[in-house]
Amino acid sequence: MFMFQVPTEKGKASWDEAHVEGLLASIAGGDKQALGELYHLTQAPLYAYLLSLLKNSADARDALHDAYLDVYAAAGRYRPEGHSRAWLYAIAKNKAMMIFRRKRTWESSEEVEEEPWEAPALCQEERMVLSAALNALSDEERQIVMLHSVSGFRFREIASFLQLPLNTVLSKHHRAMKRLRRQLSEEGI
């Protein structure tokens with residue numbers, strides 16, 4: 001049963017907080033099926049977020065896997081206060097930072113080749129164009145775009161999560177989207 005995405009009037013998806021918190025409570029009790037359901041309900045936006053941070057699909061998949069292992073281990077410490085999404089994203093971000101630090105240590109003298117952004121509905125050429133367009137954004141702009149457009153966070157939530165003023169998040173998102181539209185229209189996509 002897919003309760004994660006509930007259509008809203010604008011056609012965007014929203015987070016079913018009560019259901020996710022119920023799953024976390026079940027996971028805290030050792031329910032592996034609840035972990036599987038949580039994974040299926042939340043993995044797509046978490047993967048998109050991790051991909052925006054790490055810029056490499058293999059690393060994003062590794063961080064996603066490790067994040068759900070941490071969720072399973074730490075679910076008993078989660079306090080249901082209506083912040084399950086921020087809690088999950090914080091775990092994911094910590095895993096991404098660990099991978100980033102580890103890679104920086106291992107590859108301090110090597111340049112890492114980034115993989116094209118993966119979207120199953122896009123052909124290889126479109127992925128390359130989209131990857132180039134996203135890579136033209138600053139890390140902060142890319143995070144804001146991915147958190148809002150792919151993961152469905154509201155701007156106020158993004159501002160809180162990134163510890164930025166709301167107006168800064170709004171203006172960076174507006175400029176980034178304008179730049180993306182211009183680049184993609186120049187490429188004919």
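Predicted model: local features only at pLDDT ≥ 70, side-chain atom pairs only at ≥ 80, totals over all residues.
# A walk through the helices

A search of the whole structure finds three aromatic pairs. A pair of aromatic rings is described by the distance of the centres and the angle of the planes.

Take Tyr49 and Tyr89 to begin with. Their ring centres are 5.1 Å apart and their planes meet at 55°, so this pair is tilted. Tyr49 belongs to helix H2 (residues 32–54) and Tyr89 to helix H4 (residues 84–106), which makes this a link between distant parts of the chain, 40 residues apart. If you look for these two residues in the structure, you will find Tyr49 buried, and Tyr89 buried too.

Another of the pairs is formed by Tyr78 and Trp87. Here the centres of the rings lie 5.0 Å apart, and with the planes at 55° the pair is tilted. Tyr78 has a relative accessible area of 8%, so this residue is buried, because buried means under 20%.

While you are at helix H2, have a look at Tyr47, which also has its place in that helix. Tyr47 has a relative accessibility of 16% and therefore counts as buried. Ser57 comes 10 residues away from Tyr47 along the chain, and the C-alpha atoms of the two are separated by 8.7 Å.

How many salt bridges does a search of the whole structure find? There are six of them. One joins Asp139 to Lys55, with 2.8 Å between the closest N and O atoms. Asp139 is in helix H6 (residues 139–150), while Lys55 sits in the loop between H2 and helix H3 (57–74), so this pair ties together parts that are 84 residues apart in sequence. How exposed are the two partners? Asp139 is partly exposed, at a relative accessible area of 45%. Lys55 also counts as partly exposed, with 21% relative accessibility.

Asp139 has a further partner. Its side chain meets that of Arg142 in a salt bridge, at 2.3 Å from N to O. Arg142 counts as buried, with a relative accessibility of 4%. Through salt bridges that share partners, Lys55, Asp139 and Arg142 are joined into one network.

A further salt bridge brings together the side chains of Arg85 and Glu157, at 3.1 Å from N to O. This pair, too, links distant parts of the chain: Arg85 is in helix H4 and Glu157 in helix H7, 72 residues apart. Arg85 is buried, with a relative accessible area of 9%, whereas Glu157 is partly exposed at 26%.

Which residues of H7 (residues 155–162) are buried? They are Ile158, Ala159, Phe161 and Leu162. Why do they end up on the same side of H7? They cover an arc of only 165° around the axis, and this places them together on one side of the helix. Arg156 and Ser160, on the other side of H7, are exposed. Follow the chain just past the end of H7 and you reach Gln163, which takes a positive phi of about 55°.

Our last stop is the meeting of H6 with helix H8. Two packed helices are described by the angle between their axes and the distance between the axes. The axes of H6 and H8 (residues 166–186) come within 9 Å and cross at roughly 90°. H6 and H8 are therefore roughly perpendicular to each other. From H6, the residues Glu140, Glu141, Ile144, Val145, His148 and Ser149 take part in the meeting, and they face Val169, Lys172, His173, Ala176, Met177, Arg179 and Leu180 in H8.

Placed in helix H6, Glu141 is buried, with a relative accessible area of 7%. Once its neighbours within four places in sequence are left aside, Glu141 is in contact with Lys172, Ala176 and Arg179.

Technical notes
Residues numbered from 1 in each chain as written. Heavy atoms only, no water. Buried < 20%, exposed > 50% of the residue type's maximum accessible area, 1.4 Å probe, protein only. Helix = DSSP H or I, 4+ residues; strand = E, 2+ residues; numbered from the N terminus. Arc of directions from axis to C-beta. Phe/Tyr/Trp six-rings, centres within 6.5 Å; stacked < 30°, edge-to-face > 60°. Salt bridge = Lys/Arg side-chain N within 4 Å of Asp/Glu carboxyl O. Axes fitted to C-alpha atoms, helices over the stretch in contact; angles between N-to-C directions. Parallel < 35°, antiparallel > 145°, perpendicular 65-115°, else oblique. Contact = heavy atoms within 4.5 Å.
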